[in-house]
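Here is a short report on one protein chain. Please keep the sequence and the structure open while reading.

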Amino acid sequence: MPINELERRRQRRVRVQLPVRIDYNDNEALALTKNISLLGTCIDMNRQILPGTRVALSLDIPKYTEDNNLLGEVKGEGAVVRCDEAELPEKEGEAPAPNYELAIFFSNFISSGEEKLLKYLEYKAKQEEHEIRQWVQQYRSRIKKHKIAIAKKRSEFFNLRINNE
């Protein structure tokens with residue numbers, strides 16, 4: 001893996017949709033995160049923001065714990081590092097809506113925002129790992145059942161063959 005790839009992946013990304021408000025160049029936009037880490041986020045939005053643009057962000061951490069100090073608004077600053085156009089699926093009779101996927105690098109968090117985000121990401125990562133483990137177990141179970149069914153059919157086939165000879 002090239003060094004720049006390693007640099008970009010120092011923090012684990014967690015797939016989660018969080019509402020985010022972005023303030024930039026005297027404009028405000030609302031969007032949803034696709035994934036997020038302590039270093040940055042990938043978001044979908046209906047506006048183009050050019051790479052290099054400085055932004056202020058506000059994320060809302062939903063209720064996942066009884067500790068109210070870890071919930072609520074997380075404010076921070078960053079810069080757009082990538083903005084790619086991506087069309088949304090067409091709705092019948094309508095032209096495709098413009099959609100942009102933005103990558104934003106976080107430069108700093110205000111107050112306890114980093115700690116709030118860290119704890120939430122740890123919680124979501126554990127949840128994601130649990131879901132993956134469940135899926136793997138279900139997949140292995142289906143494969144095992146499939147192998148048993150194949151072995152049974154194979155056995156029946158050979159028993160028929162032996163009986164017919």
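## Strand pairing

Two strands count as paired if DSSP finds at least two bridges between them. The model is predicted, and its strands 5 and 6 pass that test with 8 bridges. Strand 5 covers residues 54-61, and strand 6 covers residues 72-85. The two run antiparallel.

Arg82 sits opposite Ala103 of strand 7. In a regular strand, side chains alternate between the two faces of the sheet.

## Ala79 in strand 6

Where does Ala79 lie? Ala79 belongs to strand 6. Is Ala79 buried or exposed? Its relative accessibility is 15%. The limit for buried is under 20%, so Ala79 counts as buried.

Which residues does Ala79 touch, leaving aside neighbours within four places in sequence? The contacts are Thr53, Arg54, Val55, Ala103, Ile104 and Phe105. Pro51 is 28 residues from Ala79 along the chain, yet their C-alpha atoms are separated by 7.4 Å.

## Whole chain

The protein chain has 2 helices and 7 strands. In sequence order the pattern reads α-β-β-β-β-β-β-β-α. The chain has 165 residues, and 31% of them count as buried.

The accessible surface of the chain is about 11900 Å². Carbon and sulfur atoms hold 50% of that surface.

## A nonpolar patch on the surface

Which residues form a nonpolar patch on the surface? They are Trp135, Tyr139 and Ile143. Together they have about 300 Å² of accessible area.

Tyr139 is located in helix 2, which spans residues 113-164. Its relative accessibility is 39%. Partly exposed covers the range between the buried limit of 20% and the exposed limit of 50%, so Tyr139 counts as partly exposed. Ala79, at 15%, counts as buried.

How values were computed:
Residues are numbered from 1 along each chain as its sequence is written. This is a predicted model: local features need pLDDT of at least 70, side-chain atom pairs count only at pLDDT 80 or more; totals for chains, interfaces and linings use all residues. Side-chain values use heavy atoms; hydrogens and water are left out. Helices (H or I, at least four residues) and strands (E, at least two) are DSSP runs, numbered from the N terminus. Buried means under 20% relative accessible area, exposed over 50%, partly exposed in between (1.4 Å probe, protein chains only). Contact means heavy atoms within 4.5 Å. Accessible areas come from the Shrake-Rupley method with a 1.4 Å probe; for residues, only the protein chains shown count as cover. Patches are made of residues with over 30% relative accessible area and no salt bridge: like charges are joined within 9 Å, nonpolar side chains (Val, Leu, Ile, Met, Phe, Trp, Tyr) within 5 Å. A salt bridge is a side-chain nitrogen of Lys or Arg within 4 Å of a carboxyl oxygen of Asp or Glu.
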